[in-house]
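Biologist: Could you show me how to read pockets and salt bridges in a model like this one?

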Amino acid sequence: MKNNLKIMRAMVNITQAELAERVGVSRQTINSIEASRYIPSTLLALKIAKVFGVAVEEIFRIEAGD
Amino acid sequence: MNARFLFPHRLKKWGWGILGFSVLLMGKLLLLGDGFDLFKINTHNAWLAFLSGGQSWVPDDLTLTISGALLIIGAFVVAFSKLKVEDEFSSRIRLESLQWAVYLSYALLLAAFLLLYGINFVDAMFYNMFTVLVVFIVRFHWVLFRQNRFARHEK
């Protein structure tokens, strides 16, 4: 699964630490999601999307083979 | 994101302290072959009492008993205390590390079954009692360390 979390963060100018605090996870978790080392749960994906005020699909998208 | 069945984070440093102390105790006993005088006491032996019909107190060294118990308690608290921020990612690392620990422990158990006999097998069993906790702690903290290193380069 690909994501454009880093771009979304840059657009609203918040750091990984700030995003992590707002969704209640560690900064390492946000870092791992951005690097596609970790796929978040539905709940966390929804929380992240809510921070940016967009639909989940605008941040996370399925790749062929997923 | 609830982390169930975990100790509070504040206990973790106590766990490290107990674990370190137990390693020192056990290290002295295993490397120097001698325990601590403080732990050398007479213990009751019911089997001896049955055989001798009277004498049942025998001198014993409880260093291994005490250090082994402290090692289990310390390692257990270290392994199963919450992180500062416990979330779904740390839960996944925890689960994977537990899987690693069980795999490795049973691989060693199988090897011991096939390759060791007599007192050597008993020795291997003794050390293998700690394998699950030790492998779990090492793997879990190694992965956390790597994640911290990755995250340090990003803002």
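This is a predicted model: local features need pLDDT of at least 70, side-chain atom pairs count only at pLDDT 80 or more; totals for chains, interfaces and linings use all residues.

Biologist: How do you find a pocket, and what volume does the largest pocket have?

Modeller: Rolling a probe the size of a water molecule over the atoms shows where empty space is left. Here the largest pocket comes out at about 230 Å³.

Biologist: Which residues lie nearest its centre?

Modeller: There are 16 lining residues, and those nearest the centre are A:Gln28, B:Leu83, B:Val85, B:Leu144 and B:Asn148. Helix H3 of chain A and helices H4 and H6 of chain B each put at least two residues into that lining, with H6(B) giving the most, four residues. By class, you get five nonpolar, eight polar and three charged residues.

Biologist: And the salt bridges: how many are there over all chains?

Modeller: Side chains of opposite charge can pair when their charged atoms come close. The count over all chains is four. One of them joins B:Arg94 to B:Glu86, with the closest N and O atoms 3.1 Å apart; both residues are buried.

Biologist: Which residues are linked in a network of salt bridges?

Modeller: That would be B:Arg92, B:Glu96 and B:Arg139. B:Glu96 pairs with B:Arg92 at 3.5 Å, and those two sit four residues apart in helix H4 of chain B, about one turn. B:Glu96 also meets B:Arg139 at 3.7 Å, N to O. This second pair links distant parts of the chain, helix H4 and helix H6 of chain B, 43 residues apart.

Biologist: Is B:Arg139 buried or exposed?

Modeller: B:Arg139 has a relative accessible area of 18%, so it falls under the 20% cut-off for buried. B:Glu96, at 27%, is partly exposed, and B:Arg92, at 33%, counts as partly exposed too.

Definitions and conventions
Residues are numbered from 1 along each chain as its sequence is written. Chains are lettered from A and ligands numbered from 1 in the order in which they are written. Side-chain values use heavy atoms; hydrogens and water are left out. On a 1 Å grid over the protein atoms alone, a cavity is a set of points where a 1.4 Å probe fits but cannot get out, and a pocket is an open set with protein on both sides within 12 Å along at least five of seven lines; lining residues have an atom within 4 Å of a point. Grid points are joined across faces, edges and corners, and a volume is the space filled by probe spheres set on the points. Ala, Val, Leu, Ile, Met, Phe, Trp, Tyr, Cys and Pro count as nonpolar, Asp, Glu, Lys and Arg as charged, and the others, Gly among them, as polar. A salt bridge is a side-chain nitrogen of Lys or Arg within 4 Å of a carboxyl oxygen of Asp or Glu. Buried means under 20% relative accessible area, exposed over 50%, partly exposed in between (1.4 Å probe, protein chains only).
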